[in-house]
Amino acid sequence: MQNKTVFDKLGGQANIDAAVVKFYEKVLSDPSVSHYFKNTDMKKQTENQQKFLTMAFGGPNNYKGRDMKAGHAGLGITTVAFNTIVKHLGDTLKEMGVPADVIAEAAAVAETTRADIVEIK
């Protein structure tokens, strides 16, 4: 029997799509990180994030956006901001009833992008 992916453990596409919507509600309500999105088309951002996380969590790869380094270049994202974003993701998943071990797996996937996203340590 094959191991389930994080995508499968999260319940597939519909749950990831819902999580991203809830996640961005948290992010945009948080003044410590919302400014990173002030010039962002959030409809497009949400769609791209849904596709990216689907792919990153082991689901179908329909992501056609920029790589993480290019997509975040020049934003001046700090370690603290990155940590806050990952916390918002974890809080979103917790509120959706995702078990702690699966949240930890999702956070580990997010962690693999840190070096490409954080510009200010």
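Predicted model: local features only at pLDDT ≥ 70, side-chain atom pairs only at ≥ 80, totals over all residues.
The protein contains seven helices and zero strands. From the N terminus on, its elements run α-α-α-α-α-α-α. Along the principal axes, the C-alpha atoms fill a box of roughly 45 × 30 × 30 Å. The radius of gyration is 14 Å, which agrees with the value near 14 Å for a compact globule of 121 residues. Of the contacts with a separation of 6 or more, 78% join residues 24 or more positions apart. Some 35% of the 121 residues count as buried.

In soluble globular proteins, nonpolar side chains tend to be buried together. Here the largest nonpolar core has 29 residues. Leu10, Ile16, Tyr24, Phe57 and Leu93 touch the most other members. H1, H2, H3, H5 (79-95) and H6 (100-111) each supply at least two residues of this core. H2 gives the largest share, six residues. Beyond its neighbours within four places in sequence, Ile16 is in contact with Phe7, Leu10, Gln50, Leu53, Thr54 and Phe57.

Helix H3 covers residues 42-56. At 1.5 Å a residue, its 15 residues should span 21 Å; the end C-alpha atoms lie 20 Å apart, which agrees. Buried positions in H3 are Met42, Thr46, Gln49, Gln50, Phe52, Leu53 and Thr54. Their cover includes helices H1 (6-9), H2 (13-28) and H4 (68-72). At the start of H3, a side-chain oxygen of Asp41 reaches to within 3.1 Å of the backbone nitrogen of Lys43. Just after H3, Gly58 takes a positive phi of about 100°.

Definitions and conventions. Residues numbered from 1 in each chain as written. Heavy atoms only, no water. Helix = DSSP H or I, 4+ residues; strand = E, 2+ residues; numbered from the N terminus. Expected span 1.5 Å × (residues − 1). Buried < 20%, exposed > 50% of the residue type's maximum accessible area, 1.4 Å probe, protein only. Contact = heavy atoms within 4.5 Å. Polar contact = N/O pair within 3.5 Å; in protein donor to acceptor, adjacent residues only side chain to side chain. Core = buried A, V, L, I, M, F, W, Y, C linked by side-chain atoms within 4.5 Å. Rg over C-alpha atoms; globule rule 2.2 N^0.38 Å.
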